[in-house]
Amino acid sequence: MWRRVASLSSSISSSFLAQTASRLNSWESLTTGIAQQAKGVIAPKEKTPFITFVLGGPGSGKGTQCIKIVETFGFAHLSAGDLLRREIASKSADGAMILNTIKEGKIVPSQVTVKLIQKEMELSDNHKFLIDGFPRTEENRVSFERIIGVEPNVVLFFDCPEEEMVKRVLNRNEGRVDDNLETIKKRLTVFQALSLPVINYYSEKGKLYTIKAIGTEDEIFEQVRPIFAAFEVCSVSAMILSIQLCCFFLLHFESENLTTALFLLNLFGIFVMFLI
Ligand SMILES: Nc1ncnc2c1ncn2[C@@H]1O[C@H](COP(=O)(O)OP(=O)(O)O)[C@@H](O)[C@H]1O
Ligand SMILES: Nc1ccn([C@H]2C[C@H](O)[C@@H](COP(=O)(O)OP(=O)(O)O)O2)c(=O)n1
Ligand SMILES: [Mg+2]
């Protein structure tokens with residue numbers, strides 16, 4: 001299963017060790033919550049957040065796939081673009097600046113966006129977050145790490161040809177100020193220059209899952225589904241293994257045969273976990 005997931009992308013080039021370490025950390029997040037706590041975000045909550053960044057060019061289908069991930073895996077969906085548009089609509093102090101930046105196809109200063117994301121995370125009862133359209137720059141990424149204090153567990157990259165993205169954006173029909181040919185061209189240049197380095201950074205860290213974002217919405221989701229399904233399987237396996245280990249130590253002094261049997265069962269469990 002793990003190798004099948006990895007083969008989804010030619011750009012998943014990181015070492016097995018990096019991926020295993022990342023997964024072990026994620027198991028903690030999904031099960032026990034003993035992993036490092038995020039500054040200011042989850043102090044009052046029991047579980048460590050499980051964070052997925054959803055990246056891709058404009059119109060690559062991030063928002064569309066996020067809806068499906070939420071339905072299937074129960075994440076909270078935080079769209080950076082939606083949060084910024086809400087700021088514009090609320091006529092807040094930053095509203096005019098955000099509107100001009102978006103019209104120009106540029107990126108809003110990180111501190112503004114990260115504060116909006118942080119507020120939503122604090123308000124949410126969920127501990128699994130899909131952060132859509134963020135980080136779009138290295139500055140976004142560093143600012144999130146500094147203010148929130150955690151790294152993502154998973155980074156999805158929806159890889160879509162430019163001409164398809166342009167076609168989709170021009171047909172989006174949501175009344176957005178940036179859905180016009182002039183702005184989309186600027187956004188694509190910004191994506192190449194500022195967002196691709198972030199994607200490469202996560203690829204090197206072994207956290208990137210590249211999705212070929214061409215085909216029907218359902219076909220694309222069939223590439224996304226196994227990624228989260230594998231994390232769920234891992235968290236269940238980790239729980240089973242913990243229970244087995246408890247039994248092993250409890251029964252250690254009771255019966256030699258039982259101890260040997262449980263020891264072998266544990267070895268088998270570990271073997272299976274590294275296979276999936
Ligand atoms: N697989 C797909 N094929 C064709 N159109 C799509 C597909 N996925 C999404 N769309 C449409 O393309 C537009 C952009 O999708 P969206 O999810 O808003 O992308 P993003 O959030 O990456 O900008 C929307 O109108 C959406 O309905
Ligand atoms: N991290 C972010 C995300 C979005 N923005 C701004 C600039 C983007 O062009 C707009 C729209 O972002 P959004 O994610 O909604 O755009 P798409 O869904 O990719 O078309 O918001 C930003 O400045 N910083
Ligand atoms: Mg979107």
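Of the 276 residues of the protein chain, 33% count as buried, a residue being buried if 20 or more other C-beta atoms, placed from the backbone, lie within 10 Å of its own, exposed if 12 or fewer, and partly exposed in between. The structure is a predicted model, in which local features need pLDDT of at least 70 and side-chain atom pairs count only at pLDDT 80 or more, whereas totals for chains, interfaces and linings use all residues. Residues are numbered from 1 along each chain as its sequence is written, while chains are lettered from A and ligands numbered from 1 in the order in which they are written.

The protein chain contains 11 helices and five strands; these elements are DSSP runs numbered from the N terminus, with helices (H or I) of at least four residues and strands (E) of at least two. Among contacts between residues at least 6 apart in sequence, 76% join residues at least 24 apart, where a contact requires C-beta atoms, placed from the backbone, within 7 Å.

The largest nonpolar core comprises 48 residues. Such a core is a set of buried Ala, Val, Leu, Ile, Met, Phe, Trp, Tyr and Cys residues joined through C-beta atoms within 7 Å. The residues with the most contacts inside this core are I117, L130, I131, V155, L156 and I211, and its largest share, six residues, is supplied by helix 10 (residues 217-251). With residues up to four places away in sequence left out, I117 touches L78, A80, L83, I131 and F134. In soluble globular proteins, nonpolar side chains tend to be buried together.

Helix 3 (residues 62-73) has 12 residues and reaches 16 Å from its first C-alpha to its last, close to the 16 Å expected at 1.5 Å a residue; the expected span is 1.5 Å times one less than the number of residues. Within helix 3, K62, Q65, C66 and I69 are buried. These residues lie on the same side of helix 3 because they cover an arc of only 110° around the axis, the arc being that of the directions from the helix axis to the C-beta atoms. Helix 3 is followed by G74, which has a positive phi near 70°.

Ligand 1 is surrounded by 14 residues, of which G61, K62, G63, T64 and R168 are the closest; a residue is assigned to a shell if its C-beta atom, placed from the backbone, lies within 6 Å of the molecule. Helix 3 and helix 10 are the elements that give two or more residues to this shell, and the largest share, three residues, comes from helix 3. By class, the shell around ligand 1 has two nonpolar, eight polar and four charged residues, where Ala, Val, Leu, Ile, Met, Phe, Trp, Tyr, Cys and Pro count as nonpolar, Asp, Glu, Lys and Arg as charged, and the others, Gly among them, as polar.

Around ligand 2 there are 20 residues, and P58, A80, G81, V108 and G133 come nearest. Two or more residues of this shell are given by each of helix 3, helix 4 (80-89) and helix 5 (95-103), with the largest share, three residues, from helix 4. The shell around ligand 2 divides into seven nonpolar, nine polar and four charged residues.

Several backbone features were also identified. The peptide bond from F134 to P135 is cis, with omega near -5°, and P135 lies in the loop between strand 3 (128-132) and helix 7 (138-148). K91, although not a glycine, has a positive phi of about 55°; K91 lies in the loop between helix 4 and helix 5 and is exposed, with 8 other C-beta atoms within 10 Å.

Conventions:
Two residues are in contact if their C-beta atoms, placed from the backbone, lie within 7 Å.
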